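Please look over the model below before reading on.

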Amino acid sequence: MIMLNVNGKDHQLEVAPDVPLLWVIREQLKITGTKYGCGLSLCGACTVLVDGKATRSCVTPVSEVAGKKVVTVEGLKEGLGERLRLAWTEEEVPQCGYCQPGQIMAAAALLGETPEPDDAQIDAAMSGNLCRCGTYPRIRRAIHRAARMTPERSES
């Protein structure tokens, strides 16, 4: 039995400890925003937050996240999540959209650690998330836009 907290809800799961977190999220919990991409931790489509850190769920055994807080794109709602969704929409980032949940989760981890990143920090943080449509310039602009939306910046 593995205890897992996903998007603020506790779950008791009967799964083998080496099952990748992605399969538990998608198949057991039926939360489908997190995508399967390469299955090798190379593309970032499966990125979720584990205790605020960007984590590739396709290669992370579920036993490694027991007792930690897992957030998928569905669970990234208020505050930073809302700012990222608004910025993504205003910058018209998505094209095919397949990589976007992973991109948004990686951006959330970046802004959680670095509220006002520069271009180099954005490029470094997002370098593991691949977009076959090539929306990287829009992603960078959306991250800057989301950063400017922080309450601290809007009050100054």
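This is a predicted model: local features need pLDDT of at least 70, side-chain atom pairs count only at pLDDT 80 or more; totals for chains, interfaces and linings use all residues.

The notes that follow cover the nonpolar cores, a surface patch and the salt bridges.

1. Main core. The largest nonpolar core holds 23 residues. Leu76, Leu84, Trp88, Leu111, Met126 and Ile143 have the most contacts inside it. The top contributor is α3, with 8 residues.

2. Leu111. What does Leu111 touch, once neighbours within four places in sequence are set aside? The contacts are Leu80, Leu84, Pro117, Ile143, Ala146 and Ala147.

3. Another core, of 15 residues, lies apart from the largest one. Val15, Leu21, Val24 and Val50 are among its members.

4. Surface patch. Trp23, Tyr36 and Tyr98 make a nonpolar surface patch of about 290 Å². Tyr98 sits in the loop between α2 and α3. Its relative accessible area is 37%, so Tyr98 counts as partly exposed.

5. Salt bridges, overall. How many salt bridges are there? The count is 6.

6. Lys53 and Glu113. These side chains form a salt bridge, at 3.0 Å from N to O. The pair links distant parts of the chain, 60 residues apart. Lys53 belongs to strand β4 (residues 53-56), and Glu113 to helix α3. Lys53 is partly exposed, at 47% relative accessibility.

7. Glu91 and Arg145. The closest N and O atoms of this salt bridge are 2.8 Å apart. Glu91 is in the loop between α2 and α3 and Arg145 is in helix α5, so the bridge ties together parts 54 residues apart in sequence. Is Glu91 buried or exposed? Glu91 counts as buried, because its relative accessibility of 13% falls under the 20% limit. Arg145 is partly exposed, with a relative accessible area of 25%.

8. Asp119 and Arg140. Here the closest N and O atoms of the salt bridge are 3.8 Å apart. That value is within the 4 Å cut-off for a salt bridge. Asp119 lies in helix α4 and Arg140 in helix α5, 21 residues apart. Both residues are partly exposed: Asp119 at 36% relative accessibility, Arg140 at 29%.

Conventions
Residues are numbered from 1 along each chain as its sequence is written. Side-chain values use heavy atoms; hydrogens and water are left out. A nonpolar core is a set of buried Ala, Val, Leu, Ile, Met, Phe, Trp, Tyr and Cys residues joined through side-chain atoms within 4.5 Å. Buried means under 20% relative accessible area, exposed over 50%, partly exposed in between (1.4 Å probe, protein chains only). Helices (H or I, at least four residues) and strands (E, at least two) are DSSP runs, numbered from the N terminus. Contact means heavy atoms within 4.5 Å. Patches are made of residues with over 30% relative accessible area and no salt bridge: like charges are joined within 9 Å, nonpolar side chains (Val, Leu, Ile, Met, Phe, Trp, Tyr) within 5 Å. Accessible areas come from the Shrake-Rupley method with a 1.4 Å probe; for residues, only the protein chains shown count as cover.
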